[in-house]
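My notes follow in the order I looked.

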Amino acid sequence: MTAYALIRHSPTGEGGQEIVGGEGGYEMRLFLVFVFTLILGLNMVYGGGKGGHEHHTMKEEKQTDTKVGICPVMGGAASTEYSYNYKDKTYYFCCPDCIEKFSSEPEKYISKIKEIKLMAYKYGFKPDPIVVKKDDIVRFTITSKDVTHGVYIKEYGIKIRIKKSETKKVEFIADKVGKFDISCSVYCGSGHSKMKGKFIVEEIKEKEEMEEHEEHENE
Ligand SMILES: [Cu+2]
């Protein structure tokens with residue numbers, strides 16, 4: 001920028017240089033228009049307040065809404081590459097090691113998968129309460145009985161919009177113990193604000209009991 005200005009205002013500048021300077025000014029204006037357009041473009045892509053936020057929420061939904069879901073052994077993302085059939089059901093894993101572990105004691109891992117059909121209706125959720133154990137893999141299959149509702153569990157970062165006649169799947173690990181509110185995130189009528197459910201994640205007690213049992217055996 002300064003280079004162009006210097007040439008233009010240089011008192012010793014020759015005619016030719018002045019012409020170059022003039023052309024530079026034109027180029028500069030073109031350049032500025034280009035920069036301005038670029039900034040506008042970037043703004044539309046990254047900014048846009050509400051629009052951008054909606055986009056982000058959609059992405060979050062996609063991350064949890066996977067077809068093969070979570071590996072029941074390691075808890076990571078499962079792949080269709082690593083599957084194993086057990087009692088007429090196909091399970092997906094993140095690596096061959098997990099298939100091996102699973103196949104040695106399938107019931108142990110299957111007992112941690114909680115498949116729950118969650119229905120939103122005017123005005124509540126079914127079943128209610130939903131009770132799982134810590135570290136369970138929760139698989140929600142969500143439907144709506146009547147109008148568009150939302151399933152919102154703040155502490156688990158779950159926010160799903162569900163239309164009538166639609167089915168959405170969400171899968172996550174219940175790694176936080178506590179009693180959490182399920183609320184509706186889409187205005188659905190006069191009872192919307194009272195549309196609440198409970199999602200309860202209990203501490204694993206069997207483990208403690210087993211440890212106690214082991215201590216008795218050692219006595
Ligand atoms: Cu609702």
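Entry one: a hairpin. I started at the turn joining β1 and β2, where two residues sit between the strands and Lys 87 takes a positive phi near 45°. The model is predicted, so I read this angle as computed. Next I checked the pairing. β1 (residues 79-86) runs antiparallel to β2, with five bridges. Across from Tyr 86 I found Lys 89 in β2.

Entry two: the largest nonpolar core. I looked up its 32 residues. Which of them touch the most other members? They are Cys 71, Phe 93, Ile 142 and Val 151. Then I listed the elements that give two or more residues, among them β2 (89-93), α4 (96-104), β3 (113-121) and β11 (196-202). β6 gives the largest share, four residues. I also checked the domains. The core takes at least three residues from domain 2 (55-111) and at least three from domain 3 (113-209).

In soluble globular proteins, nonpolar side chains tend to be buried together.

Is Ile 130 buried or exposed? Ile 130 counts as buried because it has 21 C-beta neighbours inside 10 Å, and the cut-off for buried is 20 or more. Leaving out residues up to four places away, Ile 130 touches Ile 116, Phe 199 and Ile 200. I then checked Phe 199 against Ile 130. They are 69 residues apart along the chain, yet their C-alpha atoms are separated by 4.9 Å.

Note on methods:
Residues are numbered from 1 along each chain as its sequence is written. This is a predicted model: local features need pLDDT of at least 70, side-chain atom pairs count only at pLDDT 80 or more; totals for chains, interfaces and linings use all residues. A nonpolar core is a set of buried Ala, Val, Leu, Ile, Met, Phe, Trp, Tyr and Cys residues joined through C-beta atoms within 7 Å. A residue is buried if 20 or more other C-beta atoms lie within 10 Å of its own, exposed if 12 or fewer, and partly exposed in between; C-beta atoms are placed from the backbone. Domain bounds come from an automatic or database domain assignment. Two residues are in contact if their C-beta atoms, placed from the backbone, lie within 7 Å. Two strands pair if DSSP finds at least two bridges between them.
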